[in-house]
Amino acid sequence: MKIKSLSYILIESTNLESWEAYARDVVGLMKNNDLSDEKNLFFRMDESPFRFQVQKGDSDRYARGGFELENKEAFEEAKKELSNLGIEVAIESEELAKVRCVEELLSFDDPAGNTLELFYGRGIDTNEFKSSQDISKFVTHGLGLGHLVFGTLEVEAAHDFYKEVMNFGDSDIMRMRFSPDPNDPESVLYFMHCDNPRHHTVAMMQAPTPPSGLVHAMVEVETAEQVVDAMDRAIENNIHISSTLGRHMNDNMVSFYMMTPGGFMLEFGYDGIQPDWDTHETTYSPAPSHWGHEFKMPEA
């Protein structure tokens, strides 16, 4: 199985208006008016018809992610591999495939309970992408949307699944202690890449799964100025800043973190490295960041 990229995410929301304002006024996404309706919002970052789908629901949370395969042959092979491993696969309807703007679509759960969608044949929107905040462009070409970080107490099972079933590779492994008590055990974080140069497309943190279903998602822009501008917009719109500006140690990303209306964080960054996987050796970062990234989560 060769996963090309994380193509889109689905978010459930009790208040679509909050997401529309957040996407427009803070993140700088473009609403796809042709696809959106009273129950769904679709937001673009590039030539893809959407990267974020926000669906009206009973809770505020991340729901699932869509991962792209090369073609129908790869799709059928993935279906067979999953079936042979005894993994329960749902072949999604033509109607849902049309909503996702893909040819065919299947879904299944990983050992941590995260629902994944696999597809091939994503459509292209020929209308010009125009950021609502004059962002020159989001860094997606050949790399996908960005990355996702999951929290799970089943971290070893999840890591094995992404490595052995999904054919992801280890980019970096980090061990750190979240508790100030030196007697508490360390937690492990696995940062994993798929078949593109982005440093990591998924990561697993050894921690309870948050109620929002996700620790954070990441989007990347071209310049430091655009990151700072986004942080200013977040403050102006009373969005909680979960982490100060900083530079990560493993992927070199300069970024800050902010809360989303979905209850998970969005990392907004630039300058992430793109390793050559033919020569890359798994790194072991001793700390999350070279500097900055002081976290302060909102009160419950």
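**Pockets, sheets and a salt bridge**

Reader: How do the residues lining the second largest pocket divide into nonpolar, polar and charged?

Author: That lining has two nonpolar, nine polar and six charged residues. Keep in mind that this is a predicted model.

Reader: OK, and what's the volume of that second largest pocket?

Author: About 250 Å³. The pocket is lined by 17 residues, and the closest to its centre are Lys4, Ser5, Arg51, Glu68 and Gly142.

Reader: How do the side chains of Lys4 and Glu68 meet?

Author: They form a salt bridge, with 3.9 Å from N to O. Lys4 sits in the segment before β1 (5–13) and Glu68 in strand β5 (residues 61–68), so this pair ties together parts that are 64 residues apart in sequence.

Reader: How many salt bridges does a search of the whole structure find?

Author: The search turns up 15 of them.

Reader: Switching to strands. In what order do the eight strands of the open sheet come?

Author: The order is β2-β3-β4-β1-β5-β8-β7-β6, and the pairing is mixed. At the edges stand β2 (30–31) and β6 (90–91); each has a single partner strand, so one side of each is left without a neighbour in the sheet.

Reader: In which sense do β6 and β7 pair?

Author: Antiparallel, over two bridges, with β7 covering residues 104–109. Ala90, for instance, has Ser107 in β7 as its bridge partner.

Reader: Which helix lies across β6, β7 and β8?

Author: Helix α2, residues 72–84. Helix α2 runs at about 25° to β7.

Reader: Now Arg64. Which strand is Arg64 in?

Author: Arg64 belongs to β5. Leaving out residues up to four places away in sequence, Arg64 touches Ile9, Leu10, Glu92, Arg100, Ser107, Thr115 and Glu117. Ser107 is the residue I mentioned as the bridge partner of Ala90.

Reader: What separates the C-alpha atoms of Arg64 and Phe138?

Author: A distance of 21 Å, and the two residues are 74 residues apart along the chain.

Reader: What's the strand order in the open sheet of nine strands?

Author: That one goes β10-β11-β12-β9-β13-β16-β15-β14-β17, with mixed pairing. Its edge strands, β10 (169–176) and β17 (289–292), each pair on one side only. On average, neighbouring strands here are turned by 20° against each other, direction ignored.

Reader: How many bridges join β14 to β15?

Author: Four, and the two strands run antiparallel. β14 spans residues 241–248 and β15 spans residues 254–259. Arg247 stands opposite Val254 in β15.

Reader: Which strands do helix α4 and helix α5 lie across?

Author: Helix α4 (residues 155–164) lies across β9 (147–152), β10, β11 (187–193) and β12 (202–206), at about 15° to β11. Helix α5 (residues 224–236) lies across β13 (216–221), β14, β15 and β16 (265–270), and runs at about 150° to β16.

Reader: Which residues line the largest cavity?

Author: Leu143, His147, Arg198, His199, His200, Met218, Glu220, Asp251, Met253, Gly272, Ile273 and Gln274. By class, that makes four nonpolar, five polar and three charged residues.

Technical notes. Residues are numbered from 1 along each chain as its sequence is written. This is a predicted model: local features need pLDDT of at least 70, side-chain atom pairs count only at pLDDT 80 or more; totals for chains, interfaces and linings use all residues. Side-chain values use heavy atoms; hydrogens and water are left out. Two strands pair if DSSP finds at least two bridges between them. Contact means heavy atoms within 4.5 Å. Axes are lines fitted to C-alpha atoms, for helices over the stretch in contact, and angles run from 0 to 180 degrees between N-to-C directions. On a 1 Å grid over the protein atoms alone, a cavity is a set of points where a 1.4 Å probe fits but cannot get out, and a pocket is an open set with protein on both sides within 12 Å along at least five of seven lines; lining residues have an atom within 4 Å of a point. Ala, Val, Leu, Ile, Met, Phe, Trp, Tyr, Cys and Pro count as nonpolar, Asp, Glu, Lys and Arg as charged, and the others, Gly among them, as polar. A salt bridge is a side-chain nitrogen of Lys or Arg within 4 Å of a carboxyl oxygen of Asp or Glu. Grid points are joined across faces, edges and corners, and a volume is the space filled by probe spheres set on the points.
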